[in-house]
Amino acid sequence: MADSICRTLRDGALEGELAPTLTIKDSLASPFAFHVFSHILLQLSSHVIAQKSQSQGIVIVALSRAPSSYAALLNMNGVDVASSKKWIHILDCYTDPLGWKDKTRKSANATDCSPQISVATSSFKTVKDVDKLFSVITELGRGLVGENKARFCVAIDSLSELLRHASLQSVAGLLSDLRSHDQISNIFGLLHSDLHEERAVAVLEYMSSMVASVDPYHSADGQKGCLGDSFSQQNLTKGKFNVRSKRRNGRVRVTCEEFKVESGGITFASVSSVDGTAVAGLLPKVQFNLQLSEKERVDRSNVVLPFEHQGNGKPIQIYDGRRSLEESNSEANPISSGKKEDSAMGEIIYFRDSDDEMPDSDEDPDDDLDI
Amino acid sequence: MEQKNWNLLDESLGLHINDDAKPWPLCGRFVLVEDCVDTSAAFVLHHILKRSFSSHPSSAVLFLAFSHPFSHYDRVLRKLGCNLTAQRDNGRFFFLPMLMFQCPGEGKPNHDGLASVFEQIERVITLLHQDKKSISIIIDDISFLEVAANGSSDDVLNLLHYCHTLTSEYGCALIALDHKDIYLNGDRTAVILEMEYRADILVKAEPLATGLAKDVHGQLMVLNKETQHQHGITAIKSYNFHFKIKENGIECFYPGTKIQ
Amino acid sequence: MATTRARISSFSRNVSTVTSQNPGLKHGPNGTMLISSGIPDLDKILGGGFPLGSLVMVMEDEEAPHHMLLLRNFMSQGLVQKQPLLYASAYRDPKRFLGTLPSPASSKGDKSSDLSHEKDIRIAWQYKKYFVDSQLNLNTNNGGQQDYCNDFDLRKPLDRHYFSGSNVDCVCFKDSPNLSALQDRCAEFLAKLSRNEGNISSAGRIAIQSLCSPQCKYSNDEWHMLSFIRSLKSMTQSSNAVVVVTFPPSLLSPSCSLRLQHMADTLLSVRAIPDEDKELAKLLTGYQDMIGLINIHKAARLNTQVPVILEATTFSIKLQKRRFLVLECLNQAPVDGSSGSSYGTSGGCSGSSKVGTLDF
């Protein structure tokens, strides 16, 4: 549930526990993780502004989008950008991740002419240095919320980009450091799952408390990198949104929603039929119970089995199509002779058509029906 | 602006949109063009090049040529009605010949070589930006760039990332060609996948399923992703049509609707 | 550049005659100059020959050595016209290979009647656009002292005096640790033929046999080979030379092979034909004379964006009178439609020759 994710992130971390972490992953067949990312970002911003959330500030680590695009995003959704300096800060790892521009500008004495944007940003030019990235993030967060117990949240707009610059181990290290930092309320990040090996995706899923995956409608033929899929009209705007969240009580909640990308953002709708495949995989298929309780034993002994003669001790008479020896003299004897005495109840009388009819023929009586 | 004969390719790229605030509709966007051995999509680059010059007198193009020399493009574009030599002399066309560019191999790092390439690019862009030009950066073959970087996809992606930053920083358009079929067997797919994620517009050229024909040279699929701009958001659109390449332009038509 | 400037109109397609100064050259479409491949039929299929400044790649069959036929004729043609040649191979003594080159057919009278006869039957599939031109050329060729394109007699070795001169250079790249030595030799060779002078005096040919041979030390380093071909291509683009490189796609990773295919201006592949296949004999007329198949995947399109669409892409390689190499369109009813689709599939996976049956 997109709402429940936002609620969890809003409620933030409990004292002494790891901060809730959300990984949003997608694939080329349905590349809408950024829509989900910005949806959550906007929701959280409104909570922060209304001071309904645990976190009092947001640090966006921008690796794949320009800071100006975030300013535009906030602006377009009616977030008061003027006041934003108090609660949002963008760490710009996008413009110059490796310091190339810095080098040339220093040598040419040119000034930074990137467009001025209204959101507070600071640039980071050594993305390969993940330890430094961690200290800068926490520093910025402290700058927003102060040194006290107040918390802030961290949004990483592309873990994929980070993984390209740094090793999986150091990225996992960064996440775990962030999660255990006592001023961080929550973390959410975006991952393009088909850019990485399975192990990298598994590691990041392991590191996070919630995994939201954006899947195409027909995931069965969702071949890796197959462009034909993304061109199919349905997958252009719609898809499935699967969330697995590890709850504090140890349960895993699995939800599935449909989403639709429209101009203006992404909307979620719940699906009526949640497929139970995840549950079925968890439980053993057949359950055996080999022990019986005392009550069960008594109950079992009281069960009257079928065809057990009930009451008067007479031999059981079940019509099997043959004349039994005792009945040979009474040609048209009713079958249920055992209940003859109360004839007022009505009876079924059965006459054999002829003797050449095979007793209890297996033949289908409707055999000759031509439908 | 004079009335032009827009074809389906223009329409799918959004080039027909007449917007005075944005004289060159591809500003700030990244167009990825993909093709295969059977069907080359170089003509899409030629087409965009031609359109960018005719869109507005303030437009300029920086061309990173990895696969063909200037003389080739000069001849091709002249037949399309666009004189590259004159544009070059006017300071609107910058041709960076990268044909012989090669990073030193054998374990030496590539990033210095690629950083110097970006330095060249940025120098031109800052120069053009001072003249308030709307700039397009065209890279004619990413796969050659990969070869020049000795197959290091990370370094290639770094350079492309830096080129991409120019789209937001200076409002440049970035247009790049790559060959999809190289990556289809699944190894070293990082470059093409990452580019596909980044691309705002994806153009894919394929041969017809029925083989080559004289009248239809192939089909184009264009995916124009949702974008945010001042006037709101344009929705995702996809187009699918056939094309025929001629010396003086291209013909685009929906399957079966070609008028002889 | 200078030549392109000199020619103001770009619509030079119809001028396709042998230049007066040099019989080995002729004007092609879009301001290109063509040299002959050494196989008259291949020239006709490709619309005149290989344009100067282009890279021709030949995908070898893993079993049949038909790529050698193409190389030999290409080299012989150059030597007969006294064009400089650089030959490189992975064999220890590349000079020896020159002794196996074919000699041009001597008896002219016999041949020309032969040709005119052929012309009548092959009109149907000739590359239409250039049909008139090639016909003209044939006429002028037979009268002239030196031809643009010769017929080579595969059973008669080339006279030694053709390749004992100083304009022939041989390189063995088997033992070199990488291709940079070969690249330097090519650069040196091409520098002499650089396209700066307005008048093209001579055209050069570079023939590289089995570039990715497994016996070479660098054969595991695909990126090294790719960057060699890439720089060779860019050097060639600015010179009056044609480079023919053959390579075995089956020994390379599919993506590397596709990268090489993308680099080629003209892309050909040769394939073996199964011996004494009764079904095939029934299917194809003239099966007895066929020695293999040649596929034209890509024809060079220098200075133009219009792709060259051939009438057919698969041709049979035949030996006429056991001497002359001829290429013929496959005479089978649904050739055209199906050859188009096979072109598509074989382009997609370079190892199409691995498929047991012939998919033309």
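How many bridges join β1(A) to strand β6 (residues 184-192) of chain A? In this predicted model, 6 bridges link the two strands, which run parallel.

**Strand β1 of chain A**

Because 6 of the 6 residues of β1(A), residues 21-26, are buried, the strand is largely enclosed by the rest of the structure. Burial extends to both of its faces, with A:T21, A:T23 and A:K25 on one side and A:L22, A:I24 and A:D26 on the other.

**Helices α7 and α8 of chain A**

Helix α7 (residues 168-180) of chain A packs with helix α8 (residues 198-207) of chain A at an angle of about 10°, and their axes are 10 Å apart; the angle therefore makes α7(A) roughly parallel to α8(A). On the α7(A) side the contact is made by A:L168, A:A172, A:L175 and A:S176, which meet A:A200, A:V203 and A:M207 in α8(A). Sorted by class, the residues of this contact comprise 6 nonpolar, 1 polar and no charged.

Chain C holds 12 helices and 14 strands, and 51% of its 360 residues count as buried. Of the contacts in chain C between residues at least 6 apart in sequence, 73% join residues at least 24 apart. Towards chain B, 35 residues of chain C are in contact with 39 residues of chain B. The elements giving two or more residues to this side of chain C are α9 (222-237), α10 (254-263) and α12 (335-348), with α9(C) supplying the largest share, 8 residues. The class make-up of the side of chain C that touches chain B is 10 nonpolar, 23 polar and 2 charged residues.

**Confidence**

The model scores ipTM 0.89 and pTM 0.79, while chain C has a mean pLDDT of 77, with 74% of its residues reaching 70 or more. Over residues 1-16 of chain C the pLDDT is below 50, although this stretch has 30 contacts beyond near neighbours in sequence in the model. Residues 108-124 of chain C likewise stay under 50, and for them the model has 5 contacts beyond four places in sequence. Where pLDDT is low, the predicted coordinates should not be read in detail.

Technical notes:
Residues are numbered from 1 along each chain as its sequence is written. Chains are lettered from A and ligands numbered from 1 in the order in which they are written. This is a predicted model: local features need pLDDT of at least 70, side-chain atom pairs count only at pLDDT 80 or more; totals for chains, interfaces and linings use all residues. Axes are lines fitted to C-alpha atoms, for helices over the stretch in contact, and angles run from 0 to 180 degrees between N-to-C directions. Helices (H or I, at least four residues) and strands (E, at least two) are DSSP runs, numbered from the N terminus. Angles under 35 degrees count as roughly parallel, over 145 as roughly antiparallel, 65 to 115 as roughly perpendicular and the rest as oblique. Two residues are in contact if their C-beta atoms, placed from the backbone, lie within 7 Å. Ala, Val, Leu, Ile, Met, Phe, Trp, Tyr, Cys and Pro count as nonpolar, Asp, Glu, Lys and Arg as charged, and the others, Gly among them, as polar. A residue is buried if 20 or more other C-beta atoms lie within 10 Å of its own, exposed if 12 or fewer, and partly exposed in between; C-beta atoms are placed from the backbone. pLDDT is the predictor's confidence in each residue, from 0 to 100. Two strands pair if DSSP finds at least two bridges between them.
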